[in-house]
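Please open the structure in your viewer and keep the sequence beside it. The tour below goes from the whole chain to single residues, with something to select at each stop.

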Amino acid sequence: MLELRKYSIGVGDRFAHQAKAQLNACVQAAAQGIHVVPVWNKSFREHGIVGSEPPSARVAADAAVAALGWSDPYHVDADHINLGNVDGFIEASDFFTIDVAAAIGQPVPDADAAAFIDRHSELKGELEPDALAAAVARYLGAVGEAGRIYRHVAARKDPAAFITEVSMDETDSPQTPPELLVILAAIADEGIPAQTIAPKFTGRFNKGVDFVGSPEGFEKEFNGDLAVIAQAVKQYPLPRNLKLSVHSGSDKFSIYEPIRRALAASGAGVHLKTAGTTWLEELIGLAEAGGDGLALAKQVYAKAYADRDALCAPYATVIDIDASKLPAPDAVNAWSAEEYVSALRHDQSNPQYNANLRQLLHVGYKVAAKLGARYTGMLDECEASIARNVTTNILDRHILRVFPKR
Ligand SMILES: [Zn+2]
């Protein structure tokens with residue numbers, strides 16, 4: 001089995017221009033004794049919006065690895081795939097995030113649910129009978145779907161040559177640790193060699209901004225999940241290195257210390273997905289470069305502002321924007337580079353920081369995609385200031401805060 005190491009970070013790169021700057025953060029972390037494997041993830045939806053194909057993510061990752069002489073593992077993740085869209089990813093990917101959130105609650109035959117409960121008498125000690133029946137009714141069908149997707153991939157690619165994640169995060173109601181145990185028992189029954197599992201945690205994981213909820217509650221839940229995973233890998237035929245995957249994990253500064261503490265205390269690993277944060281650093285780098293770069297960053301904001309309803313609609317459950325706090329494009333057009341950067345950079349100690357503007361731009365990458373070569377050409381022109389921001393963001397604000405030294 002291709003084994004995912006203990007600490008890994010999902011680095012999304014919408015326009016396939018920042019792999020080197022992202023990898024550079026892992027290089028610098030390793031020099032400080034924190035070894036984190038980069039995983040370049042991109043979903044079918046992202047490819048569709050940007051107008052790219054899955055092999056482009058592999059090409060960008062391979063080039064960055066060659067340029068920096070990275071000799072540790074790295075992976076390319078077919079993110080949030082399902083039976084309908086996985087085929088285009090099979091060749092280029094060695095990591096598959098099987099997304100079955102949409103199948104949660106899918107009905108299963110009574111006989112299957114009863115057989116599962118009979119087979120897993122050990123679960124009766126973990127959940128009350130009603131709670132166990134409810135968890136089985138809710139998740140057994142979704143795990144069955146994950147099994148079908150896994151076998152579809154495994155029939156087309158050597159199962160020893162890829163990493164499997166099961167994700168259920170894109171749903172409204174969180175999974176409790178006992179429910180996670182039921183899910184893992186079902187995953188083992190399906191024969192899915194899951195190395196990462198992405199539950200929906202309690203609280204809001206809005207795009208590109210801090211966690212909204214109780215960090216204490218999160219810490220308790222996270223530790224509960226770690227305990228369940230430790231128990232499940234002993235009890236069921238699951239990979240010993242199975243670990244949690246935190247989706248929408250970028251910029252959740254208030255829970256990084258709880259995560260780091262939990263990992264240090266338990267010895268567990270984690271996969272942290274940080275897809276959208278790099279695209280915002282591109283905009284910051286463009287603005288910092290001044291001149292045409294700044295002008296383009298302002299243009300992206302103006303268009304995102306004009307299209308805000310359409311851009312926000314698909315992300316309603318993962319953004320909270322107070323439209324009255326969005327600056328008018330005329331005001332932004334008068335900003336200096338420093339004013340633009342202050343509003344966008346995720347520095348909560350800066351009084352100019354504007355989480356509303358940041359979330360709008362986060363979902364506004366479609367605007368840049370439509371600019372096509374004008375946008376990517378400017379990325380090349382402003383590479384120095386962009387790369388500096390991309391690397392610093394991944395290293396200082398993410399890796400060094402989340403992963404314990406060992
Ligand atoms: Zn996700």
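What percentage of the 406 residues in the protein is made up of buried residues? Buried residues make up 48% of them, where a residue is buried if 20 or more other C-beta atoms lie within 10 Å of its own, exposed if 12 or fewer, and partly exposed in between, with C-beta atoms placed from the backbone. What you see is a predicted model, in which local features need pLDDT of at least 70 and side-chain atom pairs count only at pLDDT 80 or more, while totals for chains, interfaces and linings use all residues. Residues are numbered from 1 along each chain as its sequence is written.

**The whole protein**

Begin with a cartoon view, in which you can look for 17 helices and eight strands; these are DSSP runs, numbered from the N terminus, with helices (H or I) of at least four residues and strands (E) of at least two. The radius of gyration, taken over C-alpha atoms, is 21 Å, close to the 22 Å that the globule rule (2.2 Å times the number of residues to the power 0.38) gives for 406 residues, so the protein is as compact as a globular protein of that length.

**Two domains**

Next, colour residues 7–277 together with 394–402 as domain 1, and 280–389 as domain 2; these bounds come from an automatic or database domain assignment. The C-alpha centres of the two domains lie 28 Å apart, and the contact between them takes 19 residues from domain 1 and 20 residues from domain 2, where two residues are in contact if their C-beta atoms, placed from the backbone, lie within 7 Å.

**Helix H10**

Now select residues 291–306, which form helix H10. Among the residues buried in H10 are Gly-293, Leu-296, Val-300 and Tyr-305.

**The largest nonpolar core**

Then select Tyr-139, Ala-146, Leu-184 and Ile-187, which touch the most other members of the 116-residue largest nonpolar core, a set of buried Ala, Val, Leu, Ile, Met, Phe, Trp, Tyr and Cys residues joined through C-beta atoms within 7 Å. Helix H5 (residues 129–154) gives the most to this core, with 11 residues. Leaving aside neighbours within four places in sequence, Ala-146 is in contact with residues including Ile-98, Val-166 and Glu-190.

**A loop residue**

Finish at Ser-52, in the loop between helix H2 (44–50) and helix H3 (55–68). Ser-52 counts as partly exposed because it has 17 C-beta neighbours inside 10 Å, and, not counting residues up to four places away in sequence, Ser-52 touches Ala-16 and His-47.

Methods
Expected span 1.5 Å × (residues − 1).
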